[in-house]
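Biologist: I would like to learn how to read a model like this one. Could you walk me through it, beginning with a single pair of residues?

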Amino acid sequence: MALLRRIWIATILVNLVVLIIFVGLSALQFGNINSGLVGDRLGVLAERTAAPFEAAAKIGLPLSTVRNAKALLERARQFDEEIINILVFDASGAVVHSTSVEAPARISAEAMVTRNAAQGEPWYKETKEGFLSSIDIVSSKGATAGGIMIVYPRGGSFTRVLAMTAELAFVAILTLALSTLAGYFLFRFALRPQLLQFESIEENITNFEKAAWRHAAGQGWDNSLHSKHDANMELYELLMHTEDNYDTIGKSLATERGSEK
Amino acid sequence: MKSIAVLLYAFIFACCTINGVAASQYKVMIVTWRGCEDACHGFQKYLINRSVDVEFIMRDANRRKNSIDGFLSEARALKVDLILTWGTSVTSKILGMIGDRDNPAYNNTIPTVFTIVADPVGTGIVKSLKSTGRPNVTGTYNRVPEAVNIETILTYMPEFKRLGMIYNVNEKNSILKRNEVDKLAHSMEFELVSKQLPLDADGEPDIQSIGPAVEELKAAGVDFIYLGSSSFLRDHAGILTKASMQNGLPVLSPYEDNVRSSDALISVAARYHDVGQLAGRQAEKILVEGVEPGDLPVALMTNFAIVINLAVAKKLQRLPPLSLLQIAEIVN
């Protein structure tokens, strides 16, 4: 039973490590996929929000002068109640319209740097203030009239990743428990001959040791011991060889003890 | 006790009487061209909402230039603190041109805020929008550049090639706008066909001539009519837009109410009420904050809307493109 227990514990540990790695990697992957999906969704929303402003820019109206801008932005914001803010900024980055009453005067320096790096392409970034998704608005002359930026909270995404991790961890624990139980019975039945052999060897060694010590103490050999090992001749020979060694050592030990007396 | 009570009543009565007849802190004369309309109301409402103690003295030219002559001397006699002038005709009669800065026939002393002036620089009333060049004058500017109007027509009707305009030589702003659009015609690759309204014996345009002018534009093969700038045409927009509809011609008006109340198809404009409020803000700076009018740049309107009359679009069988529908305010 000691061998089965050791194999079983080792298997549990290996399973545990594998599942931890699996849950960790899955959570990371889910985080990345979730982040990408949020980015794609915000990108589509930014594009849709920018369309009417682009129509205004195409006819030459500055973005700041669009009278129903607030209504247009509010309509876009209502697509997702979690949106923190939708901003319209001019070419210099100055905020000209916003859904928030406490709108910043300009878009952040980090957003400005990312925007410049994007070179007019839609961009998406995860920052301290949240997910930022932006698209530039081009005027009729091909110049950039400004852009739309959506600020989305990271909290919701983090919660989703945590929820997914918890779900994965639960499934992993369940899997571990089931595999542990199944593993025990599997090992027990699949390795039954080997385990019995091992137990038999263990028992024989124990009995042999007991007999050797009895013999050394002046008691006779139990010959029935040898008959138990007919099935395993090699082991038998080994035992015989070991028996001789024990005999020799036992006698020499007895001699030494007798001379000491 | 009785005498004390009498004294107390006398004191309360005196206080009430003083309050009742107390003159307002500021006197503001509002000189309009065709009565107090949205901009005029917006101006008054702004100052009232800001709790500026103002007495408004209303004077209306009733669409006659000669009526304006006496208003300036009256303003001087009444020692008004500020004059609000409405429209190009009224403003140019009260202020004269920039070269009239030393001409006593014009107002060069009483702070003046002009509003609803189509082209104050082109008309010669002020030097520029950033600096009026006149110590007692500032104002508001509420027009979009003419290029925006043409781009709007191009967006609505990509095949647009020929623009029709009717103008009134009796109004300087009308001529200026016609000339401005004519200059754009070459660079924006369209043709301008303009028709001047004939004047009667009194030098006034004839209402009856509007319909035939539209028919002439139709015959000339114009795709769109642009109203330009004219108080006369604005006042009679109903006749103009009806005639245009009958001839299957869409009208772009710089006046939003022509789309809302008449049959103009589209406008890119600011609300006059908002323009009046902006003029009110200019007046507040002068009266309350003590800013010299000449130090104030002409305040530019920042709220413009594209307004489309969908009923007219349906009648003309020319529905707006999706790009304009996304941003336009739709009426009817």
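Modeller: Gladly! Start at B:Ile30, whose bridge partner in S3(B) is B:Leu84. Please keep in mind that this is a predicted model.

Biologist: How should I read such a bridge, and over how many bridges do S1(B) and S3(B) pair?

Modeller: The general idea is that strands of a sheet pair through backbone hydrogen bonds, either parallel or antiparallel. Here S1(B) and S3(B) pair in the parallel sense, over four bridges.

Biologist: And what is the bridge partner of B:Leu84 in S4(B)?

Modeller: That is B:Val113. Strand S3 of chain B (residues 82-86) and strand S4 of chain B (residues 112-115) are also paired in the parallel sense, again with four bridges. Another place to look is B:Trp86, which stands opposite B:Thr115 in S4(B).

Biologist: Now the side chains. Which residues point one way from S3(B), and which the other way?

Modeller: B:Leu82, B:Leu84 and B:Trp86 point one way, while B:Ile83 and B:Thr85 point the other way. On burial, a residue counts as buried if 20 or more other C-beta atoms lie within 10 Å of its own. By that test five of the five residues of S3(B) are buried, so the strand is mostly covered.

Biologist: What is the strand order of the sheet?

Modeller: Read it as S2-S1-S3-S4-S5-S11 in chain B, an open sheet of six strands with parallel pairing. Its edge strands are S2 (54-60) and S11 (299-300) of chain B, each of which pairs on one side only.

Biologist: Which helix lies across S1, S2 and S3 of chain B?

Modeller: Helix H3 of chain B (residues 69-78) does, and it runs at about 175° to S1(B).

Biologist: Let me step back to the chain. How many helices and strands are there in chain B?

Modeller: Chain B has 14 helices and 13 strands. Of its 332 residues, 45% are buried. Its C-alpha trace spans about 90 × 45 × 40 Å along the principal axes. Among the contacts in chain B with a separation of 6 or more, 74% are between residues 24 or more positions apart.

Biologist: How is the size of an interface often given?

Modeller: It is often given as the accessible area lost when the parts come together. For this model we can look at residue contacts instead: 16 residues of chain B are in contact with 14 residues of chain A. H6(B) gives the largest share of the chain B side, five residues. By class, that side has eight nonpolar, six polar and two charged residues.

Biologist: Is H6(B) mostly covered or mostly open?

Modeller: Mostly covered: eight of the 11 residues in this helix (146-156) are buried. Among them are B:Val148, B:Ile150, B:Ile153 and B:Tyr156.

Biologist: And chain A? Why is it described as more spread out than a compact globule?

Modeller: Chain A has a radius of gyration of 39 Å, well over the 18 Å that the rule gives for 261 residues, so it is more spread out than a compact globule. The C-alpha atoms fill a box of roughly 120 × 40 × 30 Å along the principal axes. Chain A holds seven helices and five strands, and buried residues make up 21% of it.

Biologist: Which domains does the domain assignment of chain A give?

Modeller: It gives domain 1 (2-160) and domain 2 (193-260). Taken over C-alpha atoms, the centres of these two domains of chain A are separated by 78 Å.

Technical notes
Residues numbered from 1 in each chain as written. Chains lettered and ligands numbered in written order. Predicted model: local features only at pLDDT ≥ 70, side-chain atom pairs only at ≥ 80, totals over all residues. Buried ≥ 20, exposed ≤ 12 C-beta atoms within 10 Å, placed from the backbone. Helix = DSSP H or I, 4+ residues; strand = E, 2+ residues; numbered from the N terminus. Domains from an automatic or database assignment. Contact = placed C-beta atoms within 7 Å. Nonpolar A, V, L, I, M, F, W, Y, C, P; charged D, E, K, R; others polar. Pairing = 2+ DSSP bridges. Axes fitted to C-alpha atoms, helices over the stretch in contact; angles between N-to-C directions. Rg over C-alpha atoms; globule rule 2.2 N^0.38 Å.
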